[in-house]
Amino acid sequence: MVEVYELLTVVVSLIVVKLFYWIYQSRNPKSNEKLPPGSMGFPIFGETFEFMKPHDAFQFPTFIKERIIRHGPLFRTSLFGAKVIISTDIELNMEIAKKNHVPSLTKSIAQLFGENNLFFQSKESHKHVRNLTFQLLGSQGLKLRVMQDIDLLTRIHMDERARKGCLDVKEISSKILIECLAKKVTGDMEPETAKELALCWRCFPSGWFRFPLNLPGTGVYKMMKARKRMLKLLKETVLKKRASGEEFGEFFKIIFGGAETMSIDNAIEYIYTLFLLANETTPRILAATIKLISDNPKVMQELQREHAGIVRGKTEKETSLTWEEYKAMTFTQMVINESLRITSTAPTVFRIIDHEFQVGSYKIPAGWIFMGYPNDHFNPKNYDDPLVFNPWRWEGKDLGAIVSRTYIPFGAGSRLCVGAEFAKLQMAIFIHHLSRYRWSMKTGTTILRNFVLMFPSGCEVQFLEDTEVVNSAGSNPD
Ligand code: HEM
């Protein structure tokens with residue numbers, strides 16, 4: 001009986017697959033000859049499941065490697081119900097990044113950012129919000145408005161966790177980030193509101209890349225609920241402050257202080273976008289960086305030497321870091337650059353092709369999603385032994401550059417990441433405070449990627465007992 005049932009299941013599945021295949025063939029007539037090579041996979045799902053298979057975070061995914069061998073550096077596929085062109089050619093990635101303006105978001109992600117999001121509306125609104133963001137997150141903004149807060153928050157959280165003996169890098173760096181941005185944006189927040197806002201973040205991490213099914217029980221549904229709650233909390237805080245005449249955070253003053261006005265709804269959505277993008281990127285890259293350091297004792301030793309030097313140079317009263325000290329963290333910047341290079345095993349340029357685009361004998365049609373992988377980060381012509389984590393390879397290079405012809409961890413063109421310098425600052429300060437202790441990443445920590453970086457067994461740092469290598473007042477107990 002069971003065998004008959006199984007046979008029936010197989011037959012029905014085959015019929016369904018064949019049916020979908022016919023539908024698919026009829027929707028994709030033979031006029032595709034000029035498209036880049038590739039397969040569109042199954043109807044609707046395309047090649048999504050293969051694409052999303054978790055892989056070693058520091059290796060290019062097998063999905064991409066196999067297709068490069070089969071089709072070369074440019075190929076087509078279908079992911080999350082959308083037609084996609086994937087390129088691993090940095091020249092082409094740069095060109096597409098410069099010539100196309102609209103970011104490619106899958107439907108589930110577009111829903112998450114909201115229809116009225118100024119980052120994704122007109123070119124003018126995009127330019128306006130980028131300019132505003134740089135007032136806070138450009139070099140001057142970071143130096144004058146952000147650095148001190150990040151330093152203080154990191155010190156407090158690090159010391160508290162060191163007393164407890166362990167720290168989850170992703171959790172703590174996310175806390176630091178949100179506490180810092182929330183303060184900059186809204187000013188002080190009621191503890192209850194801050195707590196609830198933090199709770200909302202938990203619904204996001206695993207839910208980014210999904211099919212756009214907003215039905216109860218799905219990840220997208222949970223994300224949308226969390227988004228609604230967060231926007232409401234932020235708006236309530238802002239309106240309450242406005243009514244009571246309480247002071248806003250500096251960033252709100254920037255937003256509402258200029259000649260161009262922004263509605264409260266737009267402002268809230270814009271700020272939410274910054275929170276979301278910041279929280280989904282830096283904590284994961286930082287956790288991966290800490291793992292790379294932990295696995296490379298020579299790197300850890302060199303970092304401890306650099307940071308002990310900074311702390312020793314301070315007097316008892318000068319506990320906080322200065323901008324000059326940050327800029328002098330040369331080896332730390334080399335470590336961060338190297339980590340950003342080696343963790344770039346996902347696309348970093350996302351665009352929708354706005355006009356049909358000719359590449360050699362191929363045509364990329366308008367409306368297709370373009371994903372540019374930074375394959376050049378792993379090209380031995382640019383980086384000797386590219387799979388090896390070697391911060392010293394950055395010696396003598398321009399450590400401040402966030403984009404070059406062989407390095408695009410933050411994308412390129414008009415959509416180049418606005419939080420790049422902020423991310424690097426947060427990472428450097430975290431490494432600074434961690435280097436005051438003797439620590440190691442918990443044995444068995446693994447890092448995978450299924451588009452985003454994942455830490456299946458957490459990303460916990462364990463402090464060795466009584467190990468503050470250099471205390472904050474500058475003396476060395478050793
Ligand atoms: C290590 C951390 C980070 C990495 C690796 C990263 C990477 C990226 C990449 C690859 C893009 C797309 C660029 C393109 O398509 O050309 C991007 C865009 C963006 N990122 Fe980041 N990012 C990081 C941190 C941050 C932070 C901390 C913030 C906010 C505080 C942020 C805000 C944004 C925004 C708003 C955009 C869209 C820019 C636009 O459309 O003009 N990112 N980021």
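Select C417, in the loop between β8 (369-372) and α16 (420-434). Helices (H or I, at least four residues) and strands (E, at least two) are DSSP runs, numbered from the N terminus. This is a predicted model, where local features need pLDDT of at least 70, side-chain atom pairs count only at pLDDT 80 or more, and totals for chains, interfaces and linings use all residues. Residues are numbered from 1 along each chain as its sequence is written, and side-chain values use heavy atoms, without hydrogens and water.

C417 is listed by UniProt under "binding site", in an unreviewed entry; such annotations may be inferred rather than shown by experiment. C417 is partly exposed, at 31% relative accessibility (buried is under 20% relative accessible area, exposed over 50%, partly exposed in between; 1.4 Å probe, protein chains only).

Next, select α8 (residues 169-186) and α12 (residues 264-294). They pack at about 150°, axes 9 Å apart (axes are lines fitted to C-alpha atoms over the stretch in contact; angles run from 0 to 180 degrees between N-to-C directions). Contact residues (heavy atoms within 4.5 Å) include L177 and L181 of α8, and F275 and L286 of α12.

Now go to F80, in the loop between β2 (74-79) and β3 (82-87). Its phi is positive, about 50°, although F80 is not a glycine. Most residues other than glycine have a negative phi. F80 is buried, at 7% relative accessible area.

Last stop: F451, in the loop between β10 (448-450) and β11 (452-454). Here phi is near 75°, again positive in a residue other than glycine. F451 is buried, at 9%.
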